[in-house]
Each structure stands twice: as structure tokens, then as C-alpha cells.
Amino acid sequence: MVKDDFAIPRVNISVVGRFHAFDLARELQTHGMFNRLQTTYPQFLTKRWGFPASSTVNEPHLEALLRANRKLRLLDHARIDLTVQRAHARRAARKLVGDADVFIGWTGSSLEAIIAAREAGMITIIERGSSHCSTWRALMADENRRIGRNFDPMYEFWQRELLEYELADYISIPSKFVRDTFIEHGVDSEKLLVNAYGVDLSSFRQILKEDKVFRIINVGGFSIRKGSRYLLQAFSELDLRDAELWHVGNVSPDMQPFIEQYGNDRVFFHGHKPQAELHKYYSQASVFALMSIEEGMAMVQPQAMACGLPIICTTNTGGADLIGDDNKAGYVIPIRDVEALKAKILNLYENRALTHEMGQNAKARVSQDLTWADYGARYANNIQKLVRARQKCT
């Protein structure tokens with residue numbers, strides 16, 4: 001444990017899968033804080049990120065179970081997820097407690113580890129990339145009702161997260177939108193650490209656009225939660241000449257009726273692409289659009305901005321934190337507001353010079369303080385403050 005104000009805190013990180021945990025671990029490593037990483041990813045992948053075997057706890061059997069069940073759907077999907085999360089958290093309680101000052105875990109898979117870490121005197125931080133779980137449930141239930149579907153997520157997931165919120169010392173979140181949802185549900189603002197995600201500027205960079213087609217791009221999941229049907233509807237109703245809509249990523253089966261209703265020969269689905277290739281697709285677009293009903297901060301937004309695109313996003317994407325109050329890098333609109341989306345698209349379509357200017361503003365914006373190095377520096381600074389405050393009280 002830390003013995004004086006000059007000691008560098010040691011941090012253990014726990015995650016099912018990867019999310020941005022590997023980026024966080026790498027950045028904390030540059031600040032001398034990283035101690036150990038637990039992940040369901042196999043060791044050969046963590047080694048590629050520069051983490052030696054001695055600093056990782058790998059659980060490939062859990063990752064294999066998750067992926068096999070999602071692909072084959074042999075067992076109840078939610079039940080398997082819950083089983084994996086509990087097993088991961090219990091192992092973290094044994095492997096990541098006692099040899100560091102700070103424990104960082106992802107919500108849903110950290111409860112048992114938080115309890116053990118608190119008993120060991122560690123500072124506990126949980127990562128929540130979306131809105132408060134009660135807000136998330138309400139938004140998704142409402143959206144599913146609008147299309148005549150039931151939405152009933154497993155009760156145990158909800159209760160587990162609520163306990164994690166209560167027991168953790170701090171909750172790290174990516175945007176003011178998420179912060180507001182936690183405050184609405186009674187969480188003390190002093191417990192919330194707001195830190196916008198970063199982007200790798202070496203991977204996401206603008207290259208030459210090969211044509212003059214006005215192209216709207218959306219990257220990531222194409223689903224109910226992402227509000228994809230509203231984007232399809234807006235593009236169809238605008239019916240702009242020499243314009244295209246591109247989607248890069250996986251398409252949920254739930255979207256098929258909307259694709260049949262609003263799709264046309266100017267809507268293109270490119271499927272999943274490796275991250276190393278995404279900048280090529282972003283760079284052939286004119287604007288990035290995301291109509292998500294709920295998410296804390298979509299990482300595809302700073303990626304698109306780094307490739308010179310203005311963004312149009314909803315209030316519930318964390319995009320407002322990226323764009324800034326002056327709206328010089330994009331527009332923020334209400335969820336489900338097709339007319340507002342159409343108006344913003346049309347404005348950019350009719351003002352190509354403005355589109356270019358906003359895209360360059362977006363690129364400059366992310367290069368100033370929205371890289372992963374910036375994210376890591378803010379996180380390291382937060383940890384130093386929290387550890388020193390703890391020392392003064394002991």
C-alpha cells in the first residue's frame with residue numbers, strides 16, 4: 001500500500017472482454033501505476049498489447065463460453081452472461097486484492113471483488129460506460145414498446161449493478177449525460193468521475209476522399225438501441241440526389257423490417273471491418289450520424305471526428321461533450337427526432353463548405369485533449385488525488 005505522498009499508486013484492473021480496459025491499463029502503465037490486469041481474453045492477446053504474462057490473469061475458458069453460446073445459442077444468453085460475470089468477479093476477489101492501492105472493475109462483473117477490495121483497504125472504482133442502469137432499463141423498455149416488443153432484462157443484472165454503485169468508492173463515467181442520470185437516481189456527484197474516452201490518432205486519420213458524393217456514415221451496431229431506424233427513415237424521406245448512407249458493422253436481425261421499409265439502392269451495408277481499416281470508410285464520408293437511444297459515449301464518435309467528419313448525434317450519446325458548446329464540430333439533437341435529423345443533414349448537404357469546416361474543427365477538437373493519452377493522464381491525476389485524500393484521512 002502507499003506509505004507516503006510521493007509513492008506512485010498501484011492499480012489492478014478487471015474486465016470481462018476488453019472494452020477500453022486495455023487502453024486504460026496501457027496509459028496507466030506509462031504513469032507507472034499499472035500493476036495487474038484480469039480479463040477473459042487469452043494471454044496471447046494481452047501480450048500483443050505489451051502486458052507480460054506476470055501482470056495478467058487470463059480466463060480464456062470464460063471468453064470461449066460467452067462466444068460459443070452467442071454463436072450457437074445453446075443456453076439462455078442472459079443466464080450464461082451472469083454466470084460468467086460472477087465467476088470473473090469471484091476470481092478477481094482472490095487474485096486482484098491486497099497487492100495494490102486501487103481496484104478498477106467494470107459494472108456487472110465486479111461485485112464480489114469490490115467487497116474484498118474494500119475489506120483490504122483498497123480504493124474501489126467501477127467503470128460504467130452507459131447511463132445509470134435504471135435509466136437504461138426505462139429507455140430501452142420505452143423504445144421496445146414503440147415497436148410492439150417486450151423488454152424484460154434479467155432482474156439479477158439490475159440488482160447486481162445497483163449494489164456495485166452503492167459499495168464502490170467511485171464510479172468512472174464518460175459523459176455529462178451519464179452523470180446526470182446517476183444524479184437523478186440519487187448518487188452523490190462527488191462519487192462520479194467524468195472522463196471522456198479517447199481515440200488513437202495513429203489508427204484514425206483522414207485520407208483523401210475519392211469522390212464528391214455526399215455520404216452519411218454510421219459505424220458500430222445497427223440496432224434498436226442505436227436508433228438506427230430513425231437514421232434510415234430520415235435518409236429515405238430526404239431522398240437527396242447524389243447522396244448515400246453507409247453502415248459499417250453488425251446488423252441486428254431486429255432491424256430487417258425497417259431495412260425493408262426504408263432501404264433503397266443508395267443504402268449500403270459493409271458489414272464488420274477490422275479497426276485498422278475503419279479510417280478508410282470514415283474518410284469516404286461527409287458526415288457521421290448516430291441516433292442512439294442510450295449510450296454513455298460512443299467511441300465511434302471521436303473516431304469519426306479524427307477522420308475529419310462533423311457528427312450529428314443525440315443527447316444520449318455523450319457526443320455533446322465531444323462537440324462542445326459552440327457546435328462548431330457537429331450537432332446534438334433529441335432522441336427519435338427524425339425531423340431535426342433531416343434538417344441537420346440537409347443543412348450540411350446544401351453547404352459543403354460548412355461541412356468541410358466543421359469536419360476540420362472536429363479533427364482539431366479530438367487532437368487537443370481527446371486522445372487515449374489525454375484520457376490516461378486525467379485518470380492518473382484522479383487516482384493520485386483519491387489516494388492522497390485517503391492518506392490524509394488515515
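**Figure 1. Buried residues of helix α3 in the predicted model.** Leu62, Glu63, Leu66 and Asn69 are the buried residues of α3. They lie on the same side of α3 because the arc they cover around the axis is only 140°. The structure shown here and in the views that follow is a predicted model. Helix α3 runs over residues 60–72, 13 residues in total. From the first C-alpha of α3 to the last, the span is 18 Å, close to the 18 Å expected at 1.5 Å a residue. Helix α4 (77–95) is included in what covers the buried residues of α3. His61, Lys71 and Leu72, on the other side of α3, are exposed.

**Figure 2. The aromatic pair of Tyr197 and Trp372.** Across the whole structure, a search finds 16 aromatic pairs. Tyr197 and Trp372 form a tilted pair, with 6.4 Å centre to centre and 40° between the planes. This pair links distant parts of the chain, 175 residues apart. Tyr197 is in the loop between β7 (192–194) and β8 (214–219), whereas Trp372 is in helix α16 (residues 372–392). Tyr197 and Trp372 are both buried.

**Figure 3. The edge-to-face pair of Phe222 and Phe269.** The rings of Phe222 and Phe269 pair edge-to-face, 5.2 Å centre to centre and with 85° between the planes. Here too the pair links distant parts of the chain, its members being 47 residues apart. Phe222 belongs to the loop between β8 and α9 (228–238), and Phe269 to strand β10 (residues 267–269). Phe222 counts as buried because its relative accessibility is 2%, under the 20% limit for that class. Phe269 has a relative accessible area of 34% and is therefore partly exposed.

**Figure 4. A cluster of aromatic rings.** Phe22, Phe34, Tyr41, Trp49 and Phe51 are joined into a cluster by ring pairs.

**Figure 5. Charged ends over aromatic rings.** Two views show a charged side chain with an aromatic partner. In one, the charged end of Arg137 sits over the ring of Trp158, at 4.3 Å from the ring centre. In the other, the charged end of Lys344 sits over the ring of Tyr331, at 4.5 Å from the ring centre.

**Figure 6. The salt bridge of Glu161 and Arg128.** The structure has 28 salt bridges. In the one shown, between Glu161 and Arg128, the closest N and O atoms are 3.1 Å apart. The pair links distant parts of the chain, 33 residues apart: Glu161 is in helix α7 (residues 155–167), and Arg128 is in the loop between β5 (123–127) and α6 (133–146). Glu161 counts as buried because its relative accessibility is 10%. Arg128 is also buried, at a relative accessible area of 9%.

**Figure 7. The salt bridge of Glu244 and Arg215.** Glu244 and Arg215 form a salt bridge in which the closest N and O atoms are 2.9 Å apart. The partners come from distant parts of the chain, with Glu244 in strand β9 (residues 243–248) and Arg215 in strand β8, 29 residues apart. Glu244 and Arg215 are both buried.

Figure 8. The side chains of Arg145 and Asp142 meet in a salt bridge at 3.9 Å, N to O. The two residues are three apart in helix α6, so about one helical turn separates Arg145 from Asp142. Arg145 counts as exposed because its relative accessibility is 58%, over the 50% limit for that class. Asp142, at 24% relative accessibility, counts as partly exposed. Arg145 and Asp142 also belong to a network of salt bridges that links Asp142, Glu143, Arg145, Arg146, Arg229 and Arg336.

**Figure 9. Gly121 and Val102.** Gly121 lies in the loop between α5 (111–119) and β5. Its relative accessible area is 35%, so Gly121 is partly exposed. Val102 is 19 residues from Gly121 along the chain, and the C-alpha atoms of the two residues are separated by 9.0 Å.

How values were computed:
Residues numbered from 1 in each chain as written. Predicted model: local features only at pLDDT ≥ 70, side-chain atom pairs only at ≥ 80, totals over all residues. Heavy atoms only, no water. Helix = DSSP H or I, 4+ residues; strand = E, 2+ residues; numbered from the N terminus. Expected span 1.5 Å × (residues − 1). Buried < 20%, exposed > 50% of the residue type's maximum accessible area, 1.4 Å probe, protein only. Arc of directions from axis to C-beta. Contact = heavy atoms within 4.5 Å. Phe/Tyr/Trp six-rings, centres within 6.5 Å; stacked < 30°, edge-to-face > 60°. Lys NZ or Arg CZ within 6 Å of the ring centre and 35° of its normal. Salt bridge = Lys/Arg side-chain N within 4 Å of Asp/Glu carboxyl O.
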